[in-house]
There are 4 protein chains.
Amino acid sequence: MSIHVTVWNEYRHERENEYIGSVYPQGIHGAIAQGLTAAGFDVGTATLDEPEHGLTEEVLANTDVLIWWGHKAHGVVEDAIVERVRKRVLAGMGLIVLHSGHHSKIFRKLMGTTCSLRWREADEREILWVVDPSHPIADGLDAYFEIPEAEMYGEHFDVPYPEAVVFTSWFEGGNVFRSGLCWHRGRGKIFYFRPGHETYPIYHMPVVRKVLANAVAWAAPGNGPAFTYNQGAINERESVHPIPEKQSDRVRMG
Amino acid sequence: MSIHVTVWNEYRHERENEYIGSVYPQGIHGAIAQGLTAAGFDVGTATLDEPEHGLTEEVLANTDVLIWWGHKAHGVVEDAIVERVRKRVLAGMGLIVLHSGHHSKIFRKLMGTTCSLRWREADEREILWVVDPSHPIADGLDAYFEIPEAEMYGEHFDVPYPEAVVFTSWFEGGNVFRSGLCWHRGRGKIFYFRPGHETYPIYHMPVVRKVLANAVAWAAPGNGPAFTYNQGAINERESVHPIPEKQSDRVRMG
Amino acid sequence: MSIHVTVWNEYRHERENEYIGSVYPQGIHGAIAQGLTAAGFDVGTATLDEPEHGLTEEVLANTDVLIWWGHKAHGVVEDAIVERVRKRVLAGMGLIVLHSGHHSKIFRKLMGTTCSLRWREADEREILWVVDPSHPIADGLDAYFEIPEAEMYGEHFDVPYPEAVVFTSWFEGGNVFRSGLCWHRGRGKIFYFRPGHETYPIYHMPVVRKVLANAVAWAAPGNGPAFTYNQGAINERESVHPIPEKQSDRVRMG
Amino acid sequence: MSIHVTVWNEYRHERENEYIGSVYPQGIHGAIAQGLTAAGFDVGTATLDEPEHGLTEEVLANTDVLIWWGHKAHGVVEDAIVERVRKRVLAGMGLIVLHSGHHSKIFRKLMGTTCSLRWREADEREILWVVDPSHPIADGLDAYFEIPEAEMYGEHFDVPYPEAVVFTSWFEGGNVFRSGLCWHRGRGKIFYFRPGHETYPIYHMPVVRKVLANAVAWAAPGNGPAFTYNQGAINERESVHPIPEKQSDRVRMG
């Protein structure tokens, strides 16, 4: 049973800047989609300037894992679409947020925090250490991997306590960063992965593609029980275990 | 140095229903404030129908820990005030959310999930077991305590993984519930505490007051480092550790 | 690629007591092995009174997931075998500890705590609620399942903070218990599952077998990076990133 | 009510090596004790070569928080004393394990893992970033602090998932390390803190002393409920909630 991935990309940098266009001729989404297709997933793409940002109800209903890359146009993403994505995540769709997506509306809404961090553009060497070697997202990796030139992201990263920290990055200029972080929200699994920037060919790197493929496999929906909650005032005694009649004299509320 | 607590209450049930008014003649906030004052805290109150819901910038700036009780008027709370409270929590103010406050705007916004659950009004016996006896919120308690008659809240409770589970409730009708849950958001600590309903005198109970006093002490702000993030495009090489000059040929982005 | 499971059982109750023998004619290990075989796993068994408790180096080397059931003879298990199992867990073998196995040497050694709990034999109804519906061990289950008659295990359960709590049990007599708990130790995944007692036919129940099959799939080893540590005093400057020569005047230690 | 701290030190390096003796003329324990005394704690010391390693039942019974520094003589520490310390931790005593204490018997016994790591002696600059600014152990610190010359410890660090990660270290040679880690075991709180080596004057640094003082305050025992477990076969129906008589035909076991 194939896993359906939708790679969402802001897709503006690549069209507006010649250098960036040369790094990602098919767009960042195109590069990521290529890697995931080669890994055996069923992959589609969606971009900001398509109708409904490419994220119609139908597209989302058929998406097992959504990958999100945005940077300079977070504010343009419509709130109604963000809420639509959020509901799909809570219902079980996996979400992988990449790099500058840390400030996307969807990530901040699911985290509840500012998701802010320190950053610096100085073409720094980045070394990513696997700090949770038993995590499925680390499958097939070595003890560390590196990115020759990267934008720096540094702690403190203002996100809720992660359920797992898969990678921690070292940067030439003296910073560290939790670079691969896992959470649940509702039935959906979320993975934040730091590497990637519009001016570096990071999403062409085999090791980065390996991590993304692992993350998609990890984030794919499971088959756990439905979340059934009370929808309104039932105010009745229906219970799994019988409750004896009470002699309460209190006024029952609606 | 005294800890300043603000007890926020919707305060409508008590004024609109005679029975509830008899259970909480000074309002739910009044009962809670009485308990916390006796425990040595500096306590104020605020309610929904005051200007700005009683939560002005000044009140919040002087609040170390905010307690939140709401039920039937969550939708009436203004979004701007909710966002103001959220910013104060992220900046370090503790937040204690009580019972039906699980569906309040502020709690859902900080959690990112639906915060839904199962419930039933059948005057059930509730037994709360301490499942984390070393947690400061369990200080001075016995292995369990009970509430003679309570509204039932049952799992699944749709919240993010808690950082600590202090209590788990048993209900007569066959349900269980994680009843005392801890999280951080930004610099602020959050505690959700299940017990309490407008029709039961739960906030008059000494053991419940003990838990609330413990929770206030736990949630009070610390004195950790400020969260300093990049506020805009710095795009420079300032770093803790010196970075050698690079011979990069890429076009630097703003 | 098949997953190899070894089901370990103390296997004394069944041989020494006629009633228990009638509940588990093939032994508890036989009942569990039957369920896992039907689920498609490659299953072997081992018992206390075999040479080396059936857990030779060869058996363990070929085991992906070990299931452990013990009760009245924990003290008879040889320390050297326990240490052998522990090393295999740290190297990646999954471990599923059942019911009274909470007091086994292997579980206590991996946890570091007493692993004590409350218990009562009163044929109580047990209702297990899924509190983490997105966890793979909950795949295919309903919101809760029940066991008609069970020995009670109650909190506080003295184990380290679990990484995930999949189930929480309700018992007729007023107790609750975290019934499905996950940890890592080294590369190995550990799942503790409460249900099961020598006098109840619990391991014949389809829902319990479903949980065990899910747990085996979850606990099977991954393919993350090897744990390579320094084995002795290297005391040299080999590093991933070059370190400039220092002018240190301190005496270098061996 | 004063907090009683016992600083335990192997105390051999300082006596056997002149250079190390010059760095810590009063021993590592003396330097640490000096800092904690100045912070207002009631401090004693104990060393390996004292009778019972200085850790008599009486000393431990009067210790709220034990600090542990060892390096080259871990194997000489008697197992019976290690077990005595472990029981005190499970009963509530805080434990702070420093630097090379990661391989001490007591730490490995409480963790259940190898506690191994990578290391290198190359006088590297270490920068410790606060990754959990709201944690009490980070009180009064800046966003980062540094140690001019340090032995490197690098990931992967083979310990169980920490409950909190307060610091992460950056090292000149390209490594990162989770440098301040929190766990519970039983009622006791445990903090592992990486900095410190016999050849560097790290325990004389004010910022390191500040961290140790914060850690002692955090690890001091609370006042939660006693851990009362069943000590033997009670096999009776005593329960918090009444259990109806059952018509079970099964043979009751002892």
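Contact here means heavy atoms within 4.5 Å, and helices (H or I, at least four residues) and strands (E, at least two) are DSSP runs numbered from the N terminus. The model on screen is predicted, so that local features need pLDDT of at least 70 and side-chain atom pairs count only at pLDDT 80 or more, while totals for chains, interfaces and linings use all residues. Residues are numbered from 1 along each chain as its sequence is written, chains are lettered from A and ligands numbered from 1 in the order in which they are written, and side-chain values use heavy atoms, with hydrogens and water left out.

**First stop: helices 3 and 7 of chain A**

Select helix 3 (residues 27-38) of chain A together with helix 7 of chain A, whose axes come within 9 Å and cross at roughly 70°. Axes are lines fitted to C-alpha atoms, for helices over the stretch in contact, with angles running from 0 to 180 degrees between N-to-C directions. That angle makes helix 3 of chain A roughly perpendicular to helix 7 of chain A, a label given to angles of 65 to 115 degrees, whereas those under 35 count as roughly parallel, those over 145 as roughly antiparallel and the rest as oblique.

Show side chains next: A:Ala31, A:Ile32, A:Gln34, A:Gly35 and A:Leu36 in helix 3 of chain A meet A:Arg209, A:Leu212, A:Ala213 and A:Val216 in helix 7 of chain A. This contact comprises six nonpolar, two polar and one charged residues, where Ala, Val, Leu, Ile, Met, Phe, Trp, Tyr, Cys and Pro count as nonpolar, Asp, Glu, Lys and Arg as charged, and the others, Gly among them, as polar.

**Second stop: chains C and D**

Move to helix 3 (residues 27-38) and helix 7 of chain C, where the axes come within 9 Å and cross at roughly 70°.

In chain D, helix 3 (residues 27-38) and helix 7 (residues 206-219) have axes that come within 9 Å and cross at roughly 70°, which makes helix 3 of chain D roughly perpendicular to helix 7 of chain D. Among the residues making the contact in chain D are D:Gln34 of helix 3 and D:Arg209 of helix 7.

Helix 7 of chain A gives the most to the lining, with five residues, and by class the lining has 19 nonpolar, ten polar and seven charged residues.

**Last stop: backbone details in chains B and D**

Select B:Glu155 and B:His156, whose peptide bond is cis with omega near 5°; B:His156 lies in the loop between strand 6 (144-154) and strand 7 (164-171) of chain B. In chain D, the peptide bond from D:Glu155 to D:His156 is cis, with omega near 10°. Finish at B:His99, which has a positive phi of about 45° although it is not a glycine, in the loop between strand 4 (94-98) and helix 6 (105-111) of chain B.
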